[in-house]
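Welcome! Take a moment to look it over, and then we can walk through it topic by topic.

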Amino acid sequence: MEALRSELTKSSGLAQRTMVFTLQLLEGLLPVWEAAKEGDPDLPQQLDETLQLLETRAQNAKPEKAALLRFAHKYDELRGQLGLPDSGLEQKLAPLVVDSHLKRVEAESSKTEGFNVVVVQKCLAALLNSPLKEAVVGSQELSD
C-alpha cells in the first residue's frame, strides 16, 4: 500500500503502470484481507484514503482511452470484494470519456481538409458500448 501511495505522490496523471500495479495490489490483498483487517482495524480506512488519491488522478487523466474505463470497472469490482465503500469510479469516468469522444468527433467534423471518417466512426461506435451508452442516455444535458 505504501508503494502505491508513493507512486501516486511522485507523479502526475495516471500511468498505465499505476493502473496495473493497483489492480495487482488489490487482487493480491483478496486472499489475506480478512486476516489483515483483524490485525490492523485501521487498514480499510488507510487503503480507502490511498485509493481516493488514485481516483482523483483517474478523474483528471486523459479520458479518451478505453483502458481507463476497463481499469475503473475492475477497480470497482475489487473494491466491492474487499468490502470497501463503493466509489463508482467507472460511472464517474464514463461521462468524461463520452465528452472526450464527442469533442474528437466535433474536431474532426469541423476540418475543412483531411476529414477522416474512420475517426468519427470509431468515436461514435465507442459510445454504443457500456458504460458509455448509459452515460450518454443518463446525461442530464441530453435528457432535458
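**Confidence in the model**
- Across the chain, the mean pLDDT is 84, and 89% of the residues reach 70 or more.
- Confidence is highest in α3, at 94, and lowest in helix α9 (residues 140–143), where the mean is 46.
- Where pLDDT is low, the predicted coordinates should not be read in detail.

- Glu7 has a relative accessible area of 12%, which is under 20%, so Glu7 counts as buried.
- Arg79 and Glu55 also meet through their side chains in a salt bridge, at 3.3 Å from N to O. Arg79 lies in helix α5 and Glu55 in helix α4, so the pair ties together parts that are 24 residues apart in sequence.
- Arg79 is buried, and Glu55 is buried as well.
- Asp48 joins Glu55 and Arg79 in a network of salt bridges.
- Glu108 and Lys111 form another salt bridge, with 3.1 Å between N and O. Glu108 is buried at 7% relative accessibility, whereas Lys111 is partly exposed at 40%.

**Helix α4 and what covers it**
- Helix α4 runs over residues 43–60, which makes 18 residues.
- From its first C-alpha to its last, α4 reaches 26 Å, close to the 26 Å expected at 1.5 Å a residue.
- Which residues of α4 are buried? They are Leu43, Leu47, Asp48, Thr50, Leu51, Leu54, Glu55, Arg57 and Ala58. Two of these, Asp48 and Glu55, take part in the salt-bridge network with Arg79.
- The cover over the buried residues of α4 includes α1 (2–10), α2, α3 (33–39), α5 (66–81) and α6 (89–109).

- In soluble globular proteins, nonpolar side chains tend to be buried together.
- Here, the largest nonpolar core has 31 residues, and those with the most contacts inside it are Leu14, Leu26, Leu47, Phe71 and Tyr75.
- Helices α1, α2, α4, α5 and α6 each supply at least two residues of this core. Which helix gives the most? That is α5, with six residues.
- Beyond its neighbours within four places in sequence, Leu26 is in contact with Leu47, Leu51, Tyr75, Leu78 and Leu82.

- Gln16 is found in helix α2, which covers residues 16–29.
- Is Gln16 buried, exposed or partly exposed? At 48% relative accessibility, Gln16 counts as partly exposed.
- Gln16 and Phe71 are 55 residues apart in sequence, and their C-alpha atoms are 9.4 Å apart in space.
- Phe71 is also one of the residues with the most contacts inside the largest nonpolar core.

Terms used:
Residues are numbered from 1 along each chain as its sequence is written. This is a predicted model: local features need pLDDT of at least 70, side-chain atom pairs count only at pLDDT 80 or more; totals for chains, interfaces and linings use all residues. Side-chain values use heavy atoms; hydrogens and water are left out. Helices (H or I, at least four residues) and strands (E, at least two) are DSSP runs, numbered from the N terminus. Buried means under 20% relative accessible area, exposed over 50%, partly exposed in between (1.4 Å probe, protein chains only). The expected span of a helix is 1.5 Å times one less than its number of residues. Contact means heavy atoms within 4.5 Å. A salt bridge is a side-chain nitrogen of Lys or Arg within 4 Å of a carboxyl oxygen of Asp or Glu. pLDDT is the predictor's confidence in each residue, from 0 to 100. A nonpolar core is a set of buried Ala, Val, Leu, Ile, Met, Phe, Trp, Tyr and Cys residues joined through side-chain atoms within 4.5 Å.
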